[in-house]
Amino acid sequence: METIARALQNNGVFRGLCQPFANTWVKMSGYRRLGLRYDDLLREETPIIQEAIGRLSRAETDGRIYRQKRAFQLSLSHQELPYTQWTDPKDDYKYLQPLIKEVTAEYAERDAFNSMTVTRK
């Protein structure tokens, strides 16, 4: 299944067909209207995400917390940011994904190391 997903992601024609739907989904989800980035929406309950958030720089952590608090306040008051303050698509980069991949690889390595069996010769 993973090889199929990787093949579809690398296929230019498939990506070209899906891009308009992806852009429409992002616009309809409305998180940019609240000033959020995509990685601000990830669930923080998983240990991998918690570890990745712990590895963020101080500036990224502060920005993440500020964006989430501002979005929560806007949501409570049923408002949106002015159009000039919406998150631009160029600013909506995945700042947490590289750390998540790194932590996932470390967890897999730890599991492989812990599941090793030692045999005597």
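## Two helices that pack

Helix axes here are lines fitted to C-alpha atoms over the stretch in contact, and the angle between two of them can run from 0 to 180 degrees. Keep that in mind for this predicted model. Helix α3 covers residues 47–54, and helix α5 covers residues 97–114. They pack at an angle of about 125°. Their axes lie 9 Å apart.

What does that angle make the pair? Angles from 65 to 115 degrees count as roughly perpendicular, and those over 145 as roughly antiparallel. α3 and α5 are therefore oblique to each other. The crossing of α3 past α5 is right-handed.

## Who makes the contact

Both helices contribute residues. From α3 come P47, I48, I49, E51 and A52. From α5 come L99, I100, V103, T104 and Y107. Sorted by class, the contact has eight nonpolar residues, one polar and one charged.

## The nonpolar cores

Which residues form the largest nonpolar core? There are nine: I49, A52, I53, L56, Y95, L96, L99, I100 and V103. Helices α3 and α5 each supply at least two residues of this core.

## L56, a buried loop residue

L56 sits in the loop between α3 and α4. Is L56 buried or exposed? Its relative accessibility is 11%. Buried means under 20%, so L56 counts as buried.

What does L56 touch, leaving aside residues up to four places away in sequence? Its partners are T61, R64, Y95, L96 and L99. T119 is another matter. L56 and T119 are 63 residues apart along the chain, and their C-alpha atoms are separated by 40 Å.

Helix α4 spans residues 58–76, and S77 lies in the loop between α4 and α5. S77 has a relative accessible area of 33%. Partly exposed means between the buried limit of 20% and the exposed limit of 50%, so S77 is partly exposed. S77 and T3 are 74 residues apart in sequence. In space, their C-alpha atoms are 45 Å apart.

H78 is also found in the loop between α4 and α5. Its relative accessibility is 75%. Exposed means over 50%, so H78 counts as exposed. Look at its backbone too. H78 is not a glycine, yet it has a positive phi of about 55°.

Technical notes: Residues numbered from 1 in each chain as written. Predicted model: local features only at pLDDT ≥ 70, side-chain atom pairs only at ≥ 80, totals over all residues. Heavy atoms only, no water. Helix = DSSP H or I, 4+ residues; strand = E, 2+ residues; numbered from the N terminus. Parallel < 35°, antiparallel > 145°, perpendicular 65-115°, else oblique. Left-handed = near helix turned anticlockwise from the far one by under 90°. Contact = heavy atoms within 4.5 Å. Nonpolar A, V, L, I, M, F, W, Y, C, P; charged D, E, K, R; others polar. Core = buried A, V, L, I, M, F, W, Y, C linked by side-chain atoms within 4.5 Å. Buried < 20%, exposed > 50% of the residue type's maximum accessible area, 1.4 Å probe, protein only.
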